[in-house]
Amino acid sequence: MNHNVSTLATGPRVPRPRLHRLRDFALVPAILALVVAGAFVDPVFLSPENVINVLQQQTELALVVLAEAIVLISGRFDLSLESTVGLAPALAIGLVVPAVNGGLGTELPPGLALVLCLLVGLLIGAFNGLLILKFRLSAFIVTLGMLIVLRGLQVGITGGKTLFEVPSSFSYLGSTTWLGLPASIWIAGVAFGVGITVLGYFRSGRALYAIGGNADAARSGGIRIDRVVWTTLIVAGMLAALAGVLMTGRLGSVAAAQGQGMIFTVFAAAVIGGVSLDGGKGTLFGALCGVIVLGLINNILTLAGVSAEWIQAIYGAIILTALVLARVTSGKAQD
């Protein structure tokens, strides 16, 4: 029987330190090296203002990486998350603001905007699950098609323009501070804390690893695969919508291209953080370290005067290097 399934069947148990858990901290030396390198590039790098700014800018990416990581661990893909980051807040705001300000004419109460945004993310994840699990379609193709559909809807709703009339209740989470830090940092930290706890210590979390590692064995072990994966896709959609809320609040607007191209960076962070594209492997702590590594690299390159176009190229190179290293160290071919 698959190890993950057998572990699941035995019920909750007290975790003990293991040597292989050291792999979760594989990126910590790289993070420390980047901090030292950043201090040499520009003294501003270590200033509290710059550190907080880097962390805040990474919070939206962190939530989408968290969403993608749990989907990948379950053995599926979700490419549509980047479109959800843009469409969910655009549609929610369009439903509450007057038509003269770019709204859809419904003028629902502004206080509902945040709930509507999360509901849109939920519905997108549920529809992805319907196509993948009930119609047995490829998750890669379904979410790729959904990415295109959602992007088109966003451009259609906004008319290709930026929405500036953001209700204050909607922009609050992305623009306020709690205990001296942006609220978005606290929110992302709590989200990862909950995710790490669920995947490490709860039956539903271990079920994700079992499904991603060996779906047939997981089914034999009594795991309701469709229910777990469907829930995972719904949670991922809501996390992407929440990322859209934070980005909209931070920027004070929703651009027609909000979130576009984000999915490449999301996969870069997840892969270098040790999350397997084949499913069943990786940790959320590793994915979080991947987010921090990319944020530090981005900041150092920016302080060094490197243009944003070259940063994207460097991200691509990082993904390829991480895949090669994973292939060499694991000895397992990647399909």
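**Annotated regions and helix packing**

In an unreviewed entry, UniProt lists "transmembrane region" for residues 22-41, 111-133, 140-159, 179-202, 228-247, 259-277, 284-304 and 310-329. The model shown here is predicted.

**Two annotated spans**

- Residues 228-247 are 100% helix and 0% strand, with 29 Å between the end C-alpha atoms.

**Helix 3 and helix 11**

- Helix 3 (residues 48-73) packs against helix 11 at an angle of about 170°, and the two axes are 8 Å apart.
- Because angles over 145 degrees count as roughly antiparallel, helix 3 is roughly antiparallel to helix 11.
- Helix 3 contributes residues including Q56, E60, L63 and I70 to this contact, while helix 11 contributes residues including T232, L239, L246 and R250.
- The contact of helix 3 with helix 11 comprises 14 nonpolar, three polar and two charged residues.

**Helix 7 and helix 11**

- The axes of helix 7 (residues 168-175) and helix 11 (residues 225-251) come within 6 Å and cross at roughly 90°.
- On the helix 7 side, F170, S171, L173, G174 and S175 take part, and they meet V245, L246, T248, G249 and R250 of helix 11.
- Four nonpolar, five polar and one charged residue form the contact of helix 7 with helix 11.

Definitions and conventions:
Residues numbered from 1 in each chain as written. Predicted model: local features only at pLDDT ≥ 70, side-chain atom pairs only at ≥ 80, totals over all residues. Heavy atoms only, no water. Axes fitted to C-alpha atoms, helices over the stretch in contact; angles between N-to-C directions. Helix = DSSP H or I, 4+ residues; strand = E, 2+ residues; numbered from the N terminus. Contact = heavy atoms within 4.5 Å. Nonpolar A, V, L, I, M, F, W, Y, C, P; charged D, E, K, R; others polar. Parallel < 35°, antiparallel > 145°, perpendicular 65-115°, else oblique. UniProt positions renumbered as here; feature names shortened; annotations may be inferred.
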